[in-house]
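The sequence and structure come first.

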Amino acid sequence: MYEIWYIPRIHDEVLMWKFKTISDAQISMKRLKEERPKAWPHFYIWNTKTKKKIKYEEPFDDFGWWGS
């Protein structure tokens, strides 16, 4: 299970969404980066099994990286 967390300026961290696969979480982070670029650096993906943050990576398309 994977979760996307938000770190607000004043309050404690807030759980925003839960996903079953890492690819779903990565796609949601990509959409978040496009729609809310100022807020995007304050979000991260959390792996609930290993209890570690996961680095965001741009999703692949059929030809390699998006937009390449």
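Predicted model: local features only at pLDDT ≥ 70, side-chain atom pairs only at ≥ 80, totals over all residues.

On the surface, Val 14, Met 16 and Trp 17 make up a nonpolar patch, and their accessible area together is about 250 Å². Through ring pairs, Trp 17 is also linked with Tyr 6 and Phe 43 into a cluster.

## Overall architecture

The protein chain contains 1 helix and 6 strands. Read from the N terminus, the order of its elements is β-β-α-β-β-β-β.

The chain has 68 residues, of which 29% count as buried. Among contacts with a separation of 6 or more, 42% are between residues 24 or more positions apart.

## Aromatic pairs

A pair of aromatic rings is described by the distance of the centres and the angle of the planes. The count for this model is 4 aromatic pairs. For Trp 40 and Tyr 56, the ring centres are 5.4 Å apart and the planes stand at 75°, so this pair is edge-to-face; the cut-off for that class is over 60 degrees. Trp 40 is in the loop between α1 (22-35) and β3 (43-47), while Tyr 56 is in the loop between β4 (52-54) and β5 (60-61), so the pair ties together parts that are 16 residues apart in sequence. Tyr 56 has a relative accessibility of 14% and therefore counts as buried.

Tyr 44 and Trp 46 form another edge-to-face pair, with 6.5 Å from centre to centre and 75° between the planes. The two partners fall into separate burial classes: Tyr 44 is buried at a relative accessible area of 11%, whereas Trp 46 is partly exposed at 22%.

## Charges over rings

Two of the paired rings also have a lysine over them. The charged end of Lys 33 lies over the ring of Trp 40, at 4.8 Å from the ring centre. Over the ring of Tyr 44 sits the charged end of Lys 53, with a distance of 4.4 Å to the centre.

Notes. Residues numbered from 1 in each chain as written. Heavy atoms only, no water. Patch = residues over 30% accessible without salt bridge, like charges linked within 9 Å, V, L, I, M, F, W, Y side chains within 5 Å. Areas by Shrake-Rupley, 256 points an atom, 1.4 Å probe, with all protein chains shown as cover. Salt bridge = Lys/Arg side-chain N within 4 Å of Asp/Glu carboxyl O. Phe/Tyr/Trp six-rings, centres within 6.5 Å; stacked < 30°, edge-to-face > 60°. Helix = DSSP H or I, 4+ residues; strand = E, 2+ residues; numbered from the N terminus. Buried < 20%, exposed > 50% of the residue type's maximum accessible area, 1.4 Å probe, protein only. Lys NZ or Arg CZ within 6 Å of the ring centre and 35° of its normal. Contact = heavy atoms within 4.5 Å.
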